[in-house]
Amino acid sequence: MDTFLLILALLLSCFLAYLIGSINFAIIVTRIFAHKDIRDYGSGNAGMTNVLRTVGKLPALLVTIGDFCKGMLAVFLGHLLLSWIGGGVPFYADYLIALLVMLGHCFPIFYGFKGGKGILVSAGVIVVLNWRVFLVILAVFIVVVAVSRIVSLASISAAVAFPIATLIFALTGGAPHPFLDTLSALIIGGIVIFMHRGNIKRLLNGTENKLGQKKKQ
């Protein structure tokens with residue numbers, strides 16, 4: 001495996017992942033359906049939940065599909081580039097690609113570096129990296145939403161569960177780099193939690209909105 005070509009392929013993969021992440025479907029879909037910028041309404045977040053509250057169910061569904069699929073697409077295209085140019089996919093490449101597509105989503109170059117919070121795009125990445133871990137965090141998300149009806153709490157809970165599930169499956173499944181896998185999952189989960197810092201503040205003071213509830217002023 002040629003080192004120069006591998007580095008070139010990795011850089012191209014990460015750059016492409018960031019550009020893919022920067023395609024914000026919440027902004028695009030809202031402009032198509034409502035002719036406005038979703039960041040000027042509701043919570044101001046360019047994400048599915050704000051689209052659901054502000055624009056409607058169909059636009060929110062389209063945002064969900066778009067953001068989820070772009071996480072998957074970034075990893076798949078990264079694998080193609082690395083295999084074609086670099087001659088193989090090193091074990092750390094997936095996590096670098098995951099990090100860049102998330103950063104693109106949260107800080108999109110196409111929209112003034114003001115994007116979403118990364119939960120759906122990270123889910124798309126995780127389903128490619130480890131579908132068993134994805135099922136665990138999906139179950140956590142569903143249970144927390146069902147009990148609390150608070151999407152942000154479910155997202156934060158899923159982000160916390162991600163590195164824990166990654167470590168358990170890595171150790172029990174004989175993964176070659178269990179602690180590096182866990183550290184990478186911890187970083188990705190940490191970004192999601194950081195992007196929800198405003199929600200955490202509202203959760204602590206009891207003013208966070210629930211599903212079906214109008215946004216509190």
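**Exercise 1. Classify the accessibility of Tyr92, and then describe the aromatic pair it forms with Phe91.**

Solution. The model is a predicted one.

Step 1. Phe91, with a relative accessible area of 41%, is partly exposed.

Step 2. A pair of aromatic rings is described by the distance of the centres and the angle of the planes.

Step 3. For Phe91 and Tyr92 the ring centres lie 5.3 Å apart and the planes stand at 85 degrees. An angle over 60 degrees counts as edge-to-face, so the pair of Phe91 and Tyr92 is edge-to-face.

**Exercise 2. State how many aromatic pairs the structure holds, and characterise the pair of Phe68 and Phe134.**

Solution. 

Step 1. The structure holds two aromatic pairs.

Step 2. Phe68 and Phe134 have a centre-to-centre distance of 5.9 Å and 55 degrees between their planes, which makes the pair tilted.

Step 3. Phe68 belongs to helix α4 and Phe134 to helix α7 (residues 131–148), so the pair ties together parts that are 66 residues apart in sequence.

Step 4. Phe68 has a relative accessible area of 22% and is partly exposed, whereas Phe134, at 14%, counts as buried. The cut-off for buried is under 20%.

**Exercise 3. Determine the relative orientation of helices α2 and α4, and describe their contact.**

Solution. 

Step 1. The axes of α2 (residues 25–34) and α4 (residues 57–86) come within 9 Å and cross at roughly 150 degrees.

Step 2. Angles over 145 degrees count as roughly antiparallel; α2 and α4 are therefore roughly antiparallel to each other.

Step 3. The crossing in which α2 passes α4 is right-handed.

Step 4. From α2, the residues Phe25, Ala26, Val29 and Phe33 meet Leu58, Pro59, Leu62, Val63, Gly66, Asp67 and Lys70 of α4. The residues of this contact comprise eight nonpolar, one polar and two charged.

**Exercise 4. Locate Thr166, decide whether it is buried or exposed, and list its contacts beyond four places in sequence.**

Solution. 

Step 1. Thr166 is part of helix α8 (residues 151–173).

Step 2. The relative accessibility of Thr166 is 8%, so Thr166 counts as buried.

Step 3. With neighbours within four places in sequence left aside, Thr166 is in contact with Val133, Asp181, Thr182 and Ala185.

Notes:
Residues numbered from 1 in each chain as written. Predicted model: local features only at pLDDT ≥ 70, side-chain atom pairs only at ≥ 80, totals over all residues. Heavy atoms only, no water. Axes fitted to C-alpha atoms, helices over the stretch in contact; angles between N-to-C directions. Helix = DSSP H or I, 4+ residues; strand = E, 2+ residues; numbered from the N terminus. Parallel < 35°, antiparallel > 145°, perpendicular 65-115°, else oblique. Left-handed = near helix turned anticlockwise from the far one by under 90°. Contact = heavy atoms within 4.5 Å. Nonpolar A, V, L, I, M, F, W, Y, C, P; charged D, E, K, R; others polar. Phe/Tyr/Trp six-rings, centres within 6.5 Å; stacked < 30°, edge-to-face > 60°. Buried < 20%, exposed > 50% of the residue type's maximum accessible area, 1.4 Å probe, protein only.
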